[in-house]
Amino acid sequence: MLAPYAATGKTSRGRHYPEPAPANRSEYQRDRDRIIHCAAFRRLEYKTQVFINHEGDLFRTRLTHSIEVAQIARSIARALALNEDLTEAIALAHDLGHTPFGHSGQDALNDCLREHGGFEHNLQSLRVVDVLEERYAEFPGLNLTFETREGILKHCSLKNARELGELGKRFLEKTQPGLEAQLVNVADEIAYNNHDVDDGLRSGLLELEQLMGIALFAEQYQEVRRRYSDIAPRRAIHETVRRMINYVVTDLIENSRRLIGESGIQRIEDARRHPRPLIAYTPEVAGKTRELKRFLRENLYAHERVTRMMGEAVKIVRELFEAFMRDPALLPPQYRDKLGGQPQAGERARIVADYVAGMTDRYAMREHKRLFAAFSG
Ligand code: MG
């Protein structure tokens, strides 16, 4: 049973190209199914989350990250009687627009495009599902529902929001998306904060002693050590991470339930118009997650071993972009076709960016090698 303010196929703002209702599944199940079958989804397997794909088999990739986000988000959705199918669709699609090599790749591409409107990975995720996927005879993209697209577009610059019509409106009017979208946003953060602790410790870039200064970790770790004094160190870490997830998820569910109750919202439109997000932690837990996030930013994402690797990634992305801009004949035929006759620099830049952004880490490295080995003769 769904809460009255959950998203439903009946209250959906619909699809850009109208389609008959699905026979044996919900509208949002159909969205989820289309996402799983698209090429961009399969590419997530070979895209960096924090660690470059070839560094080790156990680190998170964008694909396993997205699956973890979906798992956490669905648990919360079910507990709050929100739409689980929609939640899953948004979670699985939320990172489709990421470039190879994680945030460094996106910063590099944004830099390459600074005279042509820039590059935002959230907007690119939307572009993937709206335009770039070519799988259906009757429409471009995946023709997803408004609610799934609303959830995918987590952030957006005001300039771009103005060009997005109905979907961009909330950024201009400073209103909220539906509760399922709010929820996936927080589930994304829960997933990466926790799996980055796990990956950080496994890689040796983080030390247990450092994390003992972070309340969210230390409280759970001490409890694990008190209860299970003789388990192996790695097992204690896994038990700690599992408890951290449970701790923040429980707080989020209970506090959101309270906020929703107090708000008196009755329908999804009320949630959208509410002045503040209704899916939120208590201030205490919000403070602890901020502390962990800051810690990861300073000690893991800015770790010398990560940034050195990323310097190389920036170079690959930039040089690929410049090479394709200089000589579009180097592009694969389907991208050359999109360029047509004499495209403006802006159009060309966007098409080249679509190609480079779609690359997996290893494909980008291979392309780079191929092109630059050829150039140097
Ligand atoms: Mg994510």
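Colleague: How far apart are the closest N and O atoms in the salt bridge that R30 forms with E27?

Modeller: This is a predicted model, and the two partners, R30 and E27, sit three residues apart in helix α1 (residues 27-36), so they are separated by about one helical turn. Side chains of opposite charge can pair when their charged atoms come close. For the salt bridge of R30 with E27, the closest N and O atoms lie at a distance of 3.4 Å.

Colleague: How many salt bridges are counted between domain 1 and domain 2, and which residues form a salt bridge with the closest N and O atoms 2.6 Å apart?

Modeller: The domain assignment places domain 1 at 27-305 and domain 2 at 312-376. Although the structure holds 40 salt bridges, the count between domain 1 and domain 2 is one salt bridge. With its closest N and O atoms 2.6 Å apart, the salt bridge asked about is formed by D354 and R127.

Colleague: What area do domain 1 and domain 2 bury between them?

Modeller: The C-alpha centres of domain 1 and domain 2 lie 29 Å apart, and the contact draws 26 residues from domain 1 and 22 residues from domain 2. Of the area buried between the two domains, 65% is on carbon and sulfur atoms, while Y46, F101 and H116 supply 28% of what domain 1 buries against domain 2, more than any other three residues. The area buried between domain 1 and domain 2 is about 2,100 Å².

Colleague: Which helix gives the most residues to the side of domain 1 that touches domain 2?

Modeller: Between the two domains, nine residue pairs are in polar contact, both residues being at pLDDT 80 or more. On the side of domain 1 that touches domain 2, α5 (102-112) and α6 (121-132) each supply at least two residues. With six residues, the helix that gives the most to that side of domain 1 is α5.

Colleague: Which residues coordinate the magnesium ion?

Modeller: Along the chain, the donors of the magnesium ion follow the spacing H-x28-H-D-x92-D. Two of them link distant parts of the chain, since H65 belongs to helix α3 (residues 62-79) and D95 to the loop between α4 (84-93) and α5, 30 residues apart. At 2.1 to 2.6 Å, the magnesium ion is coordinated by H65 (NE2), H94 (NE2), D95 (OD) and D188 (OD).

Definitions and conventions: Residues are numbered from 1 along each chain as its sequence is written. This is a predicted model: local features need pLDDT of at least 70, side-chain atom pairs count only at pLDDT 80 or more; totals for chains, interfaces and linings use all residues. Side-chain values use heavy atoms; hydrogens and water are left out. Domain bounds come from an automatic or database domain assignment. Contact means heavy atoms within 4.5 Å. Buried area is the accessible area (1.4 Å probe) that two parts lose on being put together, summed over both. A salt bridge is a side-chain nitrogen of Lys or Arg within 4 Å of a carboxyl oxygen of Asp or Glu. A polar contact is a pair of N or O atoms within 3.5 Å; within protein, one must be able to donate a hydrogen and the other to accept it, and residues adjacent in sequence count only if both atoms are side-chain atoms. Helices (H or I, at least four residues) and strands (E, at least two) are DSSP runs, numbered from the N terminus. Donors are N, O and S atoms within 2.8 Å of the metal (3.2 Å for Na, K and Ca); water is not among the atoms, so sites may look incomplete.
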